[in-house]
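Please keep the sequence and the model in view while reading.

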Amino acid sequence: MADLILGIESSCDDTSAAVLRDGVLLSNVIASQQVHKDFGGVVPELASRAHEQNIVPVVSEALRRAGVKASELSAIAFTRGPGLLGSLLVGTSFAKALSLSLDIPMVMVNHLQGHILANFVRQPDVPVREPSFPYLCLLVSGGNSQIVKVNSPLEYEILGQTIDDAVGEAFDKCSKMLGLGYPGGPIIDKLAKQGDPERFHFAKPNIPGLDYSFSGIKTSLLYFVRDEMAKDPDFLENNKEDLCASFQKTLIDILMTKLIRAAQDTRIREITIGGGVSANRGPRERILAEGEKRHWNTYLPEFKFTTDNAAMIAVAGWFQYKAGVRTPLDVAPVSRMADF
Ligand code: KG4
């Protein structure tokens with residue numbers, strides 16, 4: 001009998017549900033929340049309320065598009081964390097209720113494992129191209145920046161990670177600081193396309209090993225813009241494209257230096273990227289270019305699987321389901337990675 005997995009994702013501000021048949025995606029529905037736009041960031045209480053409103057229609061729509069009845073499902077995969085606790089609670093509670101009422105198992109998924117396995121979302125009529133194990137994943141999202149060695153779908157080693165801000169946070173905070181809006185990543189990405197990445201230079205951190213730090217570059221940008229504005233009040237307005245391009249290039253340089261070192265240290269040449277920041281054209285192009293130079297096999301997830309989506313959660317859950325992993329009904333969501 002086919003494995004039919006329902007995936008549920010509700011860790012931040014996207015409510016998403018997906019249906020997978022034997023690893024092949026049948027549907028992936030995402031309801032993004034617009035209520036946060038005026039606040040310059042995600043408001044946790046508003047996010048959980050919106051998830052509550054969205055979850056039933058989103059799951060129903062995912063089943064409808066997949067042509068699957070709830071009673072046919074084999075298991076439910078859901079994001080247990082990390083993320084916003086109130087948001088996670090909605091997805092987790094929904095998964096429990098459905099599991100109980102349908103009498104089928106549920107499988108908890110670490111959100112980051114979803115991003116790391118995003119390249120394994122198979123789609124009908126799309127040629128399969130997946131990394132072989134072990135591979136390295138540059139995981140770059142709003143809450144995390146890590147280099148992960150993926151030994152198997154169920155076994156991960158974090159080789160390096162940020163000691164302060166995540167790279168997505170650096171995009172978001174700097175965009176806010178420059179008055180460009182939220183979320184910062186796509187806005188800076190768009191402006192950077194029209195700017196000169198070599199025009200300005202910002203201090204890069206000097207962190208030992210494979211760890212990252214992104215809080216210093218924020219301060220470096222802040223002081224630079226403040227000093228220039230003191231001389232010319234129109235500096236920001238007249239130079240925002242170059243500022244964004246140079247800032248983005250600095251972030252990518254920082255990311256790539258450690259990724260290259262990790263590839264050298266481990267002698268792994270299967271390289272992937274995942275997480276919201278992997279929607280950015282910059283790191284995608286750089287990974288391809290470095291890959292060509294260094295004879296890496298590079299794998300970039302499709303844009304729709306870079307930001308939060310239930311397809312990747314369903315895939316991560318499916319791997320576990322096949323391995324016999326089941327999650328008990330008394331499971332509680334967790335907000336932090338360390339609590340997993
Ligand atoms: O993975 P994600 O959707 O949520 C988390 O799990 O954190 O990542 C969201 C982050 C935000 O910080 C957003 O600014 C960033 O991904 N992002 C981008 C782009 N699109 C989204 N960053 C840079 N360039 C983009 N095009």
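Two residues are said to be in contact when heavy atoms of theirs lie within 4.5 Å. The coordinates discussed here come from a predicted model.

## A buried threonine in a loop

Thr306 is found in the loop that lies between E10 and H9. Leaving aside its neighbours within four places in sequence, Thr306 is in contact with His115, Gly275, Gly276, Ser278, Ala279, Arg284 and Pro301. Thr306 counts as buried because its relative accessibility is 1%, where the cut-off for that class is under 20%.

Five strands form an open sheet in the order E3-E2-E1-E4-E5, and the pairing within it is mixed. Its edge strands are E3 (24-32) and E5, each of which pairs on one side only. Neighbouring strands of this sheet are turned against each other by 20 degrees on average, with direction ignored. Strand E1 (residues 4-9) pairs with E4 in the parallel sense over four bridges, and the bridge partner of Gly7 in E4 is Ala77.

Two helices can be described together with this sheet. H2 packs on the sheet and touches E1, E4 and E5, its direction making about 155 degrees with that of E4. Helix H9 (residues 310-322) packs on the sheet as well, touching E1, strand E2 (14-21), E3, E4 and E5, and its direction makes about 130 degrees with that of E1.

## From E4 over H2 to E5

Strand E4 (residues 75-81) and E5 pair in the parallel sense, with five bridges between them, and Ile76 stands opposite Met106 in E5. Together, E4, helix H2 (residues 85-102) and E5 make a right-handed β-α-β unit. Although E5 is one of the edge strands, strand E5 (residues 106-110) is mostly covered, with four of its five residues buried.

## The sheet E8-E7-E6-E9-E10

A further open sheet of five strands has the order E8-E7-E6-E9-E10, again with mixed pairing. Strand E8 (155-161) and strand E10 (297-299) stand at its edges, each with a single partner strand, so one side of each is left without a neighbour in the sheet. From one strand to the next, the twist averages 25 degrees.

Strand E7 (residues 145-152) and E8 pair in the antiparallel sense over six bridges, and in this pairing Ser152 stands opposite Glu155 in E8. H7 packs on the sheet, where it touches strand E6 (135-140), E7, E8 and strand E9 (270-274), and its direction makes about 160 degrees with that of E6.

## Salt bridges within and between helices

Side chains of opposite charge can pair when their charged atoms come close. The structure holds 21 salt bridges, and one of them joins the side chains of Glu61 and Arg64 at 2.8 Å, N to O. Both residues lie in helix H1 (residues 44-66), three residues apart, which is about one turn of the helix. Glu61 counts as partly exposed because its relative accessibility is 21%, whereas Arg64 is exposed, with a relative accessible area of 58%. A salt bridge also joins the side chains of Arg122 and Glu130, at 2.8 Å, N to O; Arg122 is partly exposed at 35% relative accessibility, and Glu130 is partly exposed with a relative accessible area of 22%.

How far apart in sequence are the parts that the pair of Asp253 and Arg286 ties together? The side chains of Asp253 and Arg286 meet in a salt bridge of 2.9 Å, N to O. Asp253 lies in helix H7 (residues 235-266) and Arg286 in helix H8 (residues 281-294), so the pair ties together parts that are 33 residues apart in sequence. Asp253 counts as buried at 10% relative accessibility, while Arg286 is partly exposed, with a relative accessible area of 24%. Salt bridges that share partners join Glu198, Lys204, Lys249, Asp253 and Arg286 into one network.

Notes:
Residues are numbered from 1 along each chain as its sequence is written. This is a predicted model: local features need pLDDT of at least 70, side-chain atom pairs count only at pLDDT 80 or more; totals for chains, interfaces and linings use all residues. Side-chain values use heavy atoms; hydrogens and water are left out. Buried means under 20% relative accessible area, exposed over 50%, partly exposed in between (1.4 Å probe, protein chains only). Two strands pair if DSSP finds at least two bridges between them. A crossover is right-handed if, with the strands pointing away from the viewer, the path from the first strand over the helix to the second runs clockwise. Axes are lines fitted to C-alpha atoms, for helices over the stretch in contact, and angles run from 0 to 180 degrees between N-to-C directions. A salt bridge is a side-chain nitrogen of Lys or Arg within 4 Å of a carboxyl oxygen of Asp or Glu.
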